[in-house]
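Student: I would like to learn how to read features from a model. Where do we start?

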Amino acid sequence: MSPFLLLTIVLAYFALLIGITYLTSKDDSNKVFFRANRNSPWYVVAFGMIGASLSGVTFISVPGWVSSTQFSYMQLVIGYFLGYLVIAFVLLPLYYRMNLTSIYGYLHQRFGPKSHKTGAFFFLLSRMLIASFRLFLVASVLQYFILDAWHIPFVATVIISVLFIWLYTFRGGIKTIVWTDTLQTFFMLAAVVFAVLILMDLLPYDFMEFINSDDFKKYSKTVFSEDVNDRKYWLKGLLGGMFIAIAMTGLDQDNMQKNLTCKNLRDAQKNVISLGLVLIPVNLIFLFLGALLFTYAQEYDVAIPVVDGKVKTDLLFPEIALNQGLGVGFGIVFILGLIAAAYSSADSALTSLTTSFSIDFMDIDSKIKGEKKKIRKRIHLAFSGLLVLIIIAFKYLLHDNIISSLLQVSSYTYGPLLGLFSFGLLTKHKVKDNWVWLIAIASVALSFVLNSYAASWFNGYTFGYEILIINGFLTFTGLYLIRQKEGHSKI
């Protein structure tokens, strides 16, 4: 498929997003940027969050993961739904009752300013890394399949990608994101369904024949219950998924900021529960697509792309969509789905990073009225530049499948948030606020050591994503050790 045609599609897509920005950002006040005047329809937020929750990582990396992990990812997805129930009935009522803009304001009122900044710092670190992972993936695809043909360097690809995001988010913020995410979710889901239909038509099976075939059974094992030491063991996936959802959604300013734009708590709860239910069949479709891709590659001798000497299963989907002569329509739909999936999460990440830093570190509400908007815009621009630098660094650091790397990093960086909020909600103790940041760092370090040496220390046992739970528990224990025995919190 012509690189010029692909680039034209990308530019047309961003022109559409900027058009939406024009309609939604006539009022570019901080109140609109941070909270969208709390006037977003819950069903619009819910639909848009499908794309933001899945992202370009799911769009490409989940299908590419099927060859090594089969359908074990569904164990995490079921766990996600259990986590969403906790978010809906425990965390959202707290956030609405306290009328929070940044959810880390809870830590300030519960423990003190150092705890507040510790929680916000770990969010900023987590979200910066996750947004960079996701943008790195889409930038790599654009580079490999489009821009290499014109000898445009990867650095320029990254700068242009982030520049586009900055252009359509710097005015309207979360109000713009709620509506652009809806459009992007539609393109992403349409692309994956279209891809499934096209591949089914090209393979020598109808749907039921494929489900019953040996080719499908090679990839479709879902529940792994044989070996508790296995990273894919079902209970690890279920509990890991549950706590990943609680931490990466319920304790994450990015995702909660959208929920807090709903008119009231009841609407926000409907949004979260419906999102959790919809993600189950949607992720199943992505895994089914992965089985189709690997079956097609075997049937037609399609080589998995190799980049810098490394086999990249993440690139199998774009390789088949763009380089195997399956038609211009397939290529167009794929590119639209990819950029929609990638940017639906990256744009809201940039907005939430700006929100958290403005409120949690700059205390923007205390600034002079005429300076507030200027401060927000400077912070927004600074985070855009930081994203560029981290994405470029990833080109030289990442060696694993992207979603595997993403979830591993999240298990470390979200652990302190899980411990802090759990301790605040489940106990009445205050803590020695000045020590909290040390406890958080120590918990991450201990978790990393445990994960690295688990096999030799625990008779072959390897941690899956339940290392997040261990990390949170270590933080919880550390907070208990530095508790103040006199006095209790009123929250």
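Tutor: Start with a residue in a loop. N459 sits in the loop between α19 and α20. Keep in mind that this is a predicted model.

Student: Is N459 buried or exposed?

Tutor: The cut-off for exposed is over 50% relative accessible area. N459 has 71% relative accessibility, so it counts as exposed.

Student: Where is D301 found?

Tutor: D301 is in the loop between α13 (265-299) and β1 (306-307). Its phi is also worth a look. D301 is not a glycine but has a positive phi of about 55°. With a relative accessible area of 70%, D301 is exposed.

Student: Which residues make the contact?

Tutor: From α19 come V436, I439, S443, V444, L446, S447, L450 and N451. From α20 come I467, I470, N471, L474, T475, G478 and L479. Then sort by class. The contact of α19 with α20 has nine nonpolar, six polar and no charged residues.

Student: Let me try another pair. How far apart are the axes of α4 and α11?

Tutor: They are 7 Å apart. Helix α4 (residues 73-97) and helix α11 (residues 234-250) pack at an angle of about 35°. This crossing is right-handed.

Student: Which residues of α4 and α11 meet?

Tutor: On the α4 side, the contact residues include Q75, G79, G83, V86 and Y95. On the α11 side, they include W234, G237, G241, A245 and G250. By class, the contact of α4 with α11 has 15 nonpolar, seven polar and no charged residues.

Student: Which contact has a charged residue?

Tutor: Look at α6 with α14. The axes of helix α6 (residues 113-145) and α14 come within 11 Å and cross at roughly 35°. The crossing is right-handed. V141, Y144 and F145 in α6 meet P318, E319, L322 and N323 in α14. The contact of α6 with α14 divides into five nonpolar, one polar and one charged.

Student: How many residues of α14 are buried?

Tutor: Count along the helix. Seven of the eight residues of α14 are buried, so take it as mostly covered. Among them are L316, P318, E319 and A321. After α14 comes G325, with a positive phi near 65°.

Student: Next, rings. How many aromatic pairs are in the whole structure?

Tutor: A search finds 27. Read each pair by centre distance and plane angle. F194 and F330 are 6.2 Å centre to centre, with 65° between the planes, and the pair is edge-to-face.

Student: Why does the pair tie together parts that are 136 residues apart in sequence?

Tutor: Because F194 lies in helix α8 (residues 174-202) and F330 in helix α15 (residues 328-361). F194 is partly exposed, at 31% relative accessibility. F330 is buried, with a relative accessible area of 3%.

Student: What about the rings of F317 and F334?

Tutor: Their centres are 4.8 Å apart and their planes at 75°, so this pair is edge-to-face. F317 lies in helix α14 (residues 316-323) and F334 in helix α15, so the pair ties together parts that are 17 residues apart in sequence. F317 is buried, at 2% relative accessibility. F334 is buried, with a relative accessible area of 1%.

Student: Which residues do ring pairs link into a cluster?

Tutor: F71, Y205, F207, F210, F216 and F288.

Student: Which charged end sits over the ring of Y461?

Tutor: That of K236, 3.9 Å from the ring centre. R483 lies over the face of Y480, at 3.9 Å from the ring centre.

Student: One last residue. What does S102 touch?

Tutor: Leave out residues up to four places away in sequence. S102 then touches Q253, I359 and D360. S102 is in the loop between α4 and α5 (105-110). With a relative accessible area of 4%, S102 is buried.

Notes:
Residues are numbered from 1 along each chain as its sequence is written. This is a predicted model: local features need pLDDT of at least 70, side-chain atom pairs count only at pLDDT 80 or more; totals for chains, interfaces and linings use all residues. Side-chain values use heavy atoms; hydrogens and water are left out. Axes are lines fitted to C-alpha atoms, for helices over the stretch in contact, and angles run from 0 to 180 degrees between N-to-C directions. Helices (H or I, at least four residues) and strands (E, at least two) are DSSP runs, numbered from the N terminus. A crossing is left-handed if the near helix is turned anticlockwise from the far one by less than a right angle, and right-handed if clockwise. Contact means heavy atoms within 4.5 Å. Ala, Val, Leu, Ile, Met, Phe, Trp, Tyr, Cys and Pro count as nonpolar, Asp, Glu, Lys and Arg as charged, and the others, Gly among them, as polar. Rings of Phe, Tyr and Trp (its six-membered ring) pair if their centres lie within 6.5 Å; planes under 30 degrees apart count as stacked, over 60 as edge-to-face and the rest as tilted. Buried means under 20% relative accessible area, exposed over 50%, partly exposed in between (1.4 Å probe, protein chains only). A charge sits over a ring if NZ of Lys or CZ of Arg is within 6 Å of the ring centre and within 35 degrees of the ring normal.
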